[in-house]
Amino acid sequence: MKDKLIEWIRQKLIKIVLPFRKRRMVLLSKFHFSMGFRISFHYLLLMITAGLIVFLPVLWLVYHTDLADQELVFRFNEAVMSIYVRNALWGSCVVYLIICFLVIKSGERGVVRLFEPLRSMSAAADNLTVNNLNSDRLSVEGTKNELKDLAGTINKMLDRIEISYESQKQFVSDASHELRTPIAVIQGYANLLDRWGKEDTEVMEEAIEAIKNESKSMQELVEKLLFLSRHDKKTLKLKKELFNMKEIVEDLAREMHLVIEKRIITIAMLQDVTVYGDKQALKQAVRVFLDNAVKYTEAGDSIRISCQNDNGDCIVTIEDTGIGMTKKDLEHIFERFYRSEHVRNANINGHGLGLSIARLIILSHTGRIKIRSQYTRGSSFIITIPKRLGL
Ligand code: ADP
């Protein structure tokens, strides 16, 4: 019964109050009141309420007090008050209103100053385009408050957007640069073929061979770029399953034995180890390390491969006695398009994308890569894929 009554009252209130509220909102939406004005206005209402609470009892007392014994009397609605008291009352009302006005004015100015960061934020957001992402940030000088904190957060967000935008730009520029060389080589050989190749078979064979190599390199580069772009767009799909990593390492080592000559390739250890992951992707990652071991060694150098089961964790190690890396290289080798200076100078083929891709694959299997390297002495890459929980 009680609940029904409450519900009935609630429904009635909704019927009466909601349309009124809606109309009020529609009406208010036609006006633009600054935050400063609204805050000051709110305080003014509070002051008026406080004033009424203070003045009304005083007025009531004055009207109902018999002041006939005073010299000058003034009758008003049966109540008696002295002209002195009446004037004092009016006077204090006027003073009170003036104080209210001054409060609202100075309050508004103070609030405007307080909201200054908001105005500069809105101006900065208005001016923001991709061309001026690195321009000035919002001011966070002076004493701290919530708006300054917000300005600081927006500045950090702009920094992150700028870094990401710059790295995208750098990526596009590096990719174009990498593609420019093989395109120029292909164009050069096509011209050579056009001019001399028809008569000279030697020139023709050389040109065809070069065009084949360059187009293969371009295809590899485009595939790598596509992989990275799919990863960045989060459209890269991994098909995870349980498989024995030993088989993959064994396959790749066998392939290497068949194709690569003049390197001493040894399989140090091959243990069965079950891994939960994308077989093809992990094969691609291990291939990057093996290809590098071949690329960055010379005839007579050794390459040692092992696949180890460490309490269920899979550890694949690829060691070489090749050119190795400097300390500076080690800090950058996972960056896209990074290639060490001595590798560039030695004209060893590559685009500087293999390790970035391998790293992404290993990380997406919650794995890690440890590197040990000494310049001119060789390098070792230790890849760990942790055991899947529940195996
Ligand atoms: P790429 O081999 O195509 O240049 P990577 O991303 O695979 O690209 O390697 C990046 C750089 O790391 C290489 O250019 C090379 O300087 C260095 N690097 C990678 N593996 C080795 C290695 N086994 N020995 C020496 N340097 C290496």
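## Rings, charges and a wrapped-up ligand

The charged end of Arg388 sits over the ring of Tyr276, 3.8 Å from the ring's centre. Keep in mind that this is a predicted model.

Searching the whole structure gives two aromatic pairs. In one of them, Phe171 and Phe337 are tilted, with 5.7 Å from centre to centre and 50° between the planes. Phe171 belongs to helix α5 (residues 146-197), while Phe337 is in the loop between α9 (327-332) and α10 (341-345), so this pair ties together parts that are 166 residues apart in sequence. Both Phe171 and Phe337 are buried.

Phe289 and Phe381 make a tilted pair too, at 5.3 Å centre to centre and 50° between the planes. Here helix α8 holds Phe289 and strand β9 holds Phe381, so the pair ties together parts 92 residues apart in sequence. Phe289 is buried, at 1% relative accessible area, and Phe381 counts as buried at 6%.

Now for the ligand. What surrounds it? There are 19 residues around the ligand, and the closest are Asn292, Tyr296, Arg339, Ser340 and Leu355. By class, that shell has eight nonpolar, eight polar and three charged residues. α8 (279-295), α11 (354-363) and β9 (378-385) each supply at least two of the shell residues.

| Residue | Ligand atom | Distance |
|---|---|---|
| Tyr296 | oxygen | 2.6 Å |
| Asp320 | nitrogen | 3.0 Å |
| Arg339 | oxygen | 2.5 Å |

Taken alone, the ligand exposes 530 Å², and the protein buries 99% of that.

Note on methods:
Residues are numbered from 1 along each chain as its sequence is written. This is a predicted model: local features need pLDDT of at least 70, side-chain atom pairs count only at pLDDT 80 or more; totals for chains, interfaces and linings use all residues. Side-chain values use heavy atoms; hydrogens and water are left out. A residue is near a molecule or strand if one of its heavy atoms lies within 4 Å of it. A polar contact is a pair of N or O atoms within 3.5 Å; within protein, one must be able to donate a hydrogen and the other to accept it, and residues adjacent in sequence count only if both atoms are side-chain atoms. Accessible areas come from the Shrake-Rupley method with a 1.4 Å probe; for residues, only the protein chains shown count as cover. Helices (H or I, at least four residues) and strands (E, at least two) are DSSP runs, numbered from the N terminus. Ala, Val, Leu, Ile, Met, Phe, Trp, Tyr, Cys and Pro count as nonpolar, Asp, Glu, Lys and Arg as charged, and the others, Gly among them, as polar. Rings of Phe, Tyr and Trp (its six-membered ring) pair if their centres lie within 6.5 Å; planes under 30 degrees apart count as stacked, over 60 as edge-to-face and the rest as tilted. Buried means under 20% relative accessible area, exposed over 50%, partly exposed in between (1.4 Å probe, protein chains only). A charge sits over a ring if NZ of Lys or CZ of Arg is within 6 Å of the ring centre and within 35 degrees of the ring normal.
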